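The stops below are given in the order in which to select them.

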Amino acid sequence: MKQARAWQRMLSGRRLDLLDPTPMDIEIEDIAHGLAFVARWNGQTKGDFAYSVAEHSLLVERIFAIMNPAAGIRWQLAALLHDAPEYVIGDMISPVKAAVGPGYEALDDRLMAAIHIRFGLPAQVPVAIKKQIKKADKISAWLEAVQIAGFTTTEADKFFGKPDANIVKTLAIRLRPPVEVRAEFTQRHAELMDQL
């Protein structure tokens with residue numbers, strides 16, 4: 001019986017097997033491009049441009065660095081790449097991820113391991129670092145919810161937790177064309193890689 005195609009051709013020319021990804025088929029340009037065109041919040045945000053996963057990832061990395069100044073460059077890179085698998089599997093809001101079940105999480109985990117290995121990170125990020133990245137991710141979600149997704153502060157506090165006021169007062173959501181976000185994501189990745 002003929003096996004169904006499980007790979008996707010990337011703009012770099014790579015063939016990424018989504019079910020069994022290898023680090024050799026991961027390119028940062030493909031990740032940056034994909035994430036710059038994937039909308040968070042299912043596109044239900046204010047503004048002339050969708051708020052992309054790439055823009056979100058840049059913000060999470062910034063928040064992580066503010067909260068963890070001694071964490072080191074490799075973990076800033078992990079924060080930047082925390083949603084990288086979404087360049088090929090898309091972004092789903094949390095209630096949908098929960099409904100889809102463990103299959104989505106397993107696919108995400110396999111892609112993340114390949115991405116991490118490709119860029120010199122361990123396949124699994126230490127639990128303490130993962131928790132700090134998740135904390136930065138929730139602060140980013142709170143900011144997005146309040147600034148561009150139509151949530152009240154009370155609603156955002158309920159779903160994402162009340163963030164440190166000193167952190168959120170210095171950060172603002174930016175909505176930009178995907179090509180600008182793609183370029184900044186690629187540049188930030190290069191800066192972090194150069195410092196490893």
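Start with Ser-140 and show what surrounds this residue: leaving out residues up to four places away in sequence, Ser-140 touches Tyr-51, His-56, Leu-59, Val-60 and Ile-63, where contact means heavy atoms within 4.5 Å. The model is predicted, so local features need pLDDT of at least 70 and side-chain atom pairs count only at pLDDT 80 or more, while totals for chains, interfaces and linings use all residues. Residues are numbered from 1 along each chain as its sequence is written, and side-chain values use heavy atoms, with hydrogens and water left out.

Ser-140 is found in helix H7; helices (H or I, at least four residues) are DSSP runs numbered from the N terminus. Ser-140 is buried, its relative accessible area being 0%. Buried means under 20% relative accessible area (1.4 Å probe, protein chains only).

Next, select H3. Trp-75, Gln-76, Leu-77, Ala-78, Ala-79 and Leu-80 are buried there. These are six of the eight residues of H3, so this helix is largely enclosed by the rest of the structure. The cover over the buried residues of H3 includes H2, helix H7 (127-147) and H10.

H2 and H3 pack with their axes 8 Å apart, at an angle of about 145 degrees; axes are lines fitted to C-alpha atoms over the stretch in contact, and angles run from 0 to 180 degrees between N-to-C directions. On the H2 side the contact is made by Ser-57, Leu-58, Val-60, Glu-61, Phe-64 and Ala-65, and on the H3 side by Trp-75, Gln-76, Ala-79 and Leu-80. By class, these residues are seven nonpolar, two polar and one charged (Ala, Val, Leu, Ile, Met, Phe, Trp, Tyr, Cys and Pro count as nonpolar, Asp, Glu, Lys and Arg as charged, and the others, Gly among them, as polar).

Now move to H10, residues 178-195. Which residues of H10 are buried? They are Val-181, Phe-185, Arg-188, His-189 and Leu-192. Look down the axis of H10: the buried residues fall within an arc of 100 degrees, so they line one face of the helix; the arc is that of the directions from the helix axis to the C-beta atoms. They pack against helix H1 (28-36), helix H2 (53-67) and helix H3 (73-80).

Finish with H1 against H10. Their axes come within 8 Å and cross at roughly 145 degrees. Ile-28, Ile-31, Ala-32, His-33, Leu-35 and Ala-36 of H1 meet Pro-178, Arg-182, Phe-185, Thr-186 and His-189 of H10.

Terms used: Buried < 20%, exposed > 50% of the residue type's maximum accessible area, 1.4 Å probe, protein only. Helix = DSSP H or I, 4+ residues; strand = E, 2+ residues; numbered from the N terminus.
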